[in-house]
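Student: Hi! I have a model open and would like to talk it through. Could you walk me around it?

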Amino acid sequence: MTSRDKILATIQANQPERLALPEQFTFETTYPDLVTQFAEVLAFVGGKVVTVADYDAITTYLRDVYADVVNIGTTLPELAGVADVDLTTITDPHDLAGLNLAIIGGQLGVAENAAIWVDERQIPSALRALPMITQYLAIVIRQADLVTNMHEAYRRIEVAATGFGTFISGPSKTADIEQSLVIGAHGARGLTVFILND
């Protein structure tokens with residue numbers, strides 16, 4: 001018997017008892033303030049939170065911060081006034097190539113990792129590339145739609161309800177090139193999340 005065979009035989013003879021997996025694994029998380037937790041994590045991954053009272057406040061912010069920006073598109077009718085690209089006419093994702101700012105809605109936000117769930121109710125199938133191809137991305141969510149962790153998020157979303165869904169957290173980034181953080185490596189160079197106070 002070789003040393004390898006002895007080691008494997010010893011491992012085989014000393015296996016722990018098998019335990020049944022729990023039917024549903026979950027845990028609860030609590031934070032004193034979901035908005036603060038979400039904002040801190042989003043800032044850590046390169047994004048920014050702006051709390052607002054209504055869509056008028058978002059419009060004012062966008063017109064101030066992106067005053068010189070053209071090629072702005074939105075999927076939100078409430079913010080159509082700031083857009084100069086009509087996304088309802090887009091059927092080919094290649095037509096999004098020149099988009100500088102995209103504004104979309106988010107279904108819910110997760111405080112533990114600042115991830116925002118979007119699916120085909122927020123991004124029609126012809127626009128799936130929208131959050132990844134735009135230079136800058138803005139997402140609007142409601143404060144009431146913030147949850148503590150991913151377990152709670154998955155209890156609320158219906159993964160099979162639409163043909164597409166994804167979590168977005170922060171702008172695109174990578175740090176594997178010469179150990180340097182590069183923002184906007186594979187997608188949006190900036191993310192602003194507007195949280196509507198309820």
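This is a predicted model: local features need pLDDT of at least 70, side-chain atom pairs count only at pLDDT 80 or more; totals for chains, interfaces and linings use all residues.

Student: Let's begin outside. Which residues form a nonpolar patch on the surface?

Tutor: That patch is made by Ile7, Leu8 and Ile11, and together they have about 280 Å² of accessible area. Leu8 belongs to helix α1, which covers residues 3–13.

Student: And is Leu8 buried, exposed or partly exposed?

Tutor: Leu8 is partly exposed, since its relative accessible area is 41% and the partly exposed class runs between under 20% for buried and over 50% for exposed.

Student: Nice. Switching to pockets: how much space lies in the largest pocket?

Tutor: The largest pocket holds about 250 Å³ of space. It is lined by 15 residues, and those closest to its centre are Thr74, Thr75, Asp86, Leu87 and Thr88.

Student: How many residues of each class are in that lining?

Tutor: There are 10 nonpolar, four polar and one charged residues in the lining of the largest pocket.

Student: What about Thr74, which residue has its C-alpha atom 4.5 Å from that of Thr74?

Tutor: That would be Ile103: the two C-alpha atoms are separated by 4.5 Å, while the residues are 29 apart along the chain. Ile103 sits in strand β3, residues 101–105. With a relative accessible area of 0%, Ile103 is buried.

Student: OK, charges now. How many salt bridges are there in the whole structure?

Tutor: A search of the whole structure gives five salt bridges. One of them joins Arg121 to Asp119, with the closest N and O atoms 2.6 Å apart.

Student: Is Asp119 buried or exposed?

Tutor: Asp119 counts as buried, because its relative accessibility is 0% and anything under 20% falls in that class.

Student: Which salt bridge does Arg4 form?

Tutor: Arg4 pairs with Asp5, and their closest N and O atoms are 4.0 Å apart. Arg4 is exposed, with a relative accessible area of 58%, whereas Asp5 is partly exposed at 34%.

Student: And what does Asp145 meet in a salt bridge?

Tutor: The side chain of Asp145 meets that of Arg156, at 3.2 Å from N to O. This pair links distant parts of the chain, 11 residues apart: Asp145 is in the loop between β6 (136–142) and β7 (146–147), and Arg156 is in helix α5, residues 150–156. Arg156 itself is partly exposed, with a relative accessible area of 38%.

Student: Last topic, the backbone. What is phi of Asn71 near?

Tutor: Phi of Asn71 is near 65 degrees, which is a positive value in a residue other than glycine. You can find Asn71 in the loop between α3 (55–65) and β2 (72–74). Asn71 counts as partly exposed, at 32% relative accessibility.

Student: What is phi of Ala114, then, and where is Ala114 found?

Tutor: Ala114 is not a glycine either, yet it has a positive phi of about 60 degrees. Its place is the loop between β4 (108–110) and β5 (115–119).

Student: Is Ala114 buried or exposed?

Tutor: Ala114 is buried, with a relative accessible area of 0%. So Ala114 falls under the 20% limit, while Asn71 at 32% counts as partly exposed.

Key. Residues are numbered from 1 along each chain as its sequence is written. Side-chain values use heavy atoms; hydrogens and water are left out. Patches are made of residues with over 30% relative accessible area and no salt bridge: like charges are joined within 9 Å, nonpolar side chains (Val, Leu, Ile, Met, Phe, Trp, Tyr) within 5 Å. Accessible areas come from the Shrake-Rupley method with a 1.4 Å probe; for residues, only the protein chains shown count as cover. Helices (H or I, at least four residues) and strands (E, at least two) are DSSP runs, numbered from the N terminus. Buried means under 20% relative accessible area, exposed over 50%, partly exposed in between (1.4 Å probe, protein chains only). On a 1 Å grid over the protein atoms alone, a cavity is a set of points where a 1.4 Å probe fits but cannot get out, and a pocket is an open set with protein on both sides within 12 Å along at least five of seven lines; lining residues have an atom within 4 Å of a point. Grid points are joined across faces, edges and corners, and a volume is the space filled by probe spheres set on the points. Ala, Val, Leu, Ile, Met, Phe, Trp, Tyr, Cys and Pro count as nonpolar, Asp, Glu, Lys and Arg as charged, and the others, Gly among them, as polar.
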